[in-house]
Amino acid sequence: MGDVGYTRDEVRRARYAVAAVFAVHGAVTGSFATRVPWIQDHASLSAGQLGFALAFTAFGASCAMPLAGRISHRFGSRTALRGLIALWTLALVLPSFAPNLYTLCLAMFVYGATAGMADVAMNALGVEVERLLGKSIMSGLHGMWSAGALTGSAAGTLAAHLGADARVHFALAAGVLTVLGLLACGWVLDLQPAEDEEPPPRFALPPRSALLIGAVGFCAVFAEGASLDWSAVFLRDRLDSSAGLAAASTTGFMLTMAVARIAGDAVVNRFGAVRTVRAGGVLAGLGGLLVVAAGYPAVAMAGFALMGLGIAVVVPLCFAAAGHSGPNPSQAIAGVATITYTSGLIAPSLIGGVAQATSLTVSFCVVTALACGLALFAGVLRTAERGGRTRVSPQAAAVPDPRP
């Protein structure tokens, strides 16, 4: 994209606008996650079949994310994000109308494809705002995603408690979130490609710089996806919890993620990315152990909450590192996102498959092991962390710091 000068007010508005888009994106995910048990019952699926269908979410995202850079190049970042976020919010209704495994797989593929493209577009804009400000904001932006997811999951918890039909719930949520997303997109940066800039390829392998960073994100997204998609099912099937209490476990997970991400920028600026991720891996591992050992719903809910706290800032740090690691933020972010979404592709099917063969408790032993991997492999962010701190342009220094 061409390098354009922006005023302080434009950057401030863009920061808040991108934050609002992150919140809308998260609200869709939170709304869906709390109604997974309803969707499973509506389509008459076993745990293994549900895991297979949920895998199509990440499969669709992985296939479509490389297209996001080309769409932004063709239409400009603002118009591209406006269209992609609308497609994503409207796609929420599709899974609730699926009557069987095959239609649910198709619905989840479209749901995932629109989610992934919007994800790449909004993260690329977030990295650009961070560059202009010259300070870390990505954890806070993802904190807004978690806050949105928390809001969506809270509404979903209420809908589940009241026994509401998910088709009605999702239709109402999609309408509200579409309007909010379109309004927020009106204030984001409108980045346009330079005249001599070549359009990015339609599909491209992740750049080398994204591979190790993506491996760290892989572990975090596996734990996140497993907790989002299976926490409610775990409490309902493993601990005989009510639908409302099971959905509340997802809300607790979202709450700790939201709080940790909103506070994450200050923690990262104080301790650095590597130490932050290592400490998070320890917390996530302890949370996983609580889930595995849980004999009561409260213990499992505490475990999911602790896991959310531990993995909260990992993906924002991976996206920020990718965005600062090369000349094309969208391509690098798409590379890391492809790797992390591949983790999301594996997680639902693996959790469901292991649960079908053994139990959900054994499935979450796998989740716990990968969460502990964050503490072991956090060091790969060290070089990216230093690179990110040295790539702030002179233009960024000219923009005063807009405090929230």
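A residue counts as buried under 20% relative accessible area, as exposed over 50%, and as partly exposed in between. The exercises below apply to a predicted model.

**Exercise 1.** Determine how Phe59, Phe56 and Thr57 are classed: buried, partly exposed or exposed.

*Solution.* Phe59 has a relative accessibility of 37%, so Phe59 is partly exposed. Phe56, with a relative accessible area of 23%, is also partly exposed. Thr57 has 18% and is therefore buried. Thr57 belongs to helix 3 (residues 47-64). Leaving aside residues up to four places away in sequence, Thr57 touches Met108, Tyr111, Gly112 and Ala113.

**Exercise 2.** Describe the aromatic pair of Phe32 and Tyr111, and state which parts of the chain the pair ties together.

*Solution.* The whole structure contains eight aromatic pairs. In one of them, Phe32 and Tyr111 lie 5.0 Å apart, centre to centre, with 40 degrees between the planes, a tilted arrangement. Phe32 is in helix 1 (residues 8-33) and Tyr111 in helix 6 (residues 101-133), so the pair ties together parts 79 residues apart in sequence. Phe32 and Tyr111 are both buried.

A further pair, Phe56 and Phe59, is edge-to-face, at 6.0 Å centre to centre and 90 degrees between the planes. These two residues are three apart in helix 3, about one helical turn.

**Exercise 3.** Explain where the buried residues of helix 4 lie around its axis.

*Solution.* In helix 4 (residues 67-75), the residues Ala68, Gly69, Ser72 and His73 are buried. Viewed down the helix axis, the buried residues fall within an arc of 135 degrees, so they line one face of helix 4. Just after helix 4, Gly76 takes a positive phi of about 90 degrees.

Key: Residues are numbered from 1 along each chain as its sequence is written. This is a predicted model: local features need pLDDT of at least 70, side-chain atom pairs count only at pLDDT 80 or more; totals for chains, interfaces and linings use all residues. Side-chain values use heavy atoms; hydrogens and water are left out. Helices (H or I, at least four residues) and strands (E, at least two) are DSSP runs, numbered from the N terminus. Buried means under 20% relative accessible area, exposed over 50%, partly exposed in between (1.4 Å probe, protein chains only). Contact means heavy atoms within 4.5 Å. The arc is that of the directions from the helix axis to the C-beta atoms. Rings of Phe, Tyr and Trp (its six-membered ring) pair if their centres lie within 6.5 Å; planes under 30 degrees apart count as stacked, over 60 as edge-to-face and the rest as tilted.
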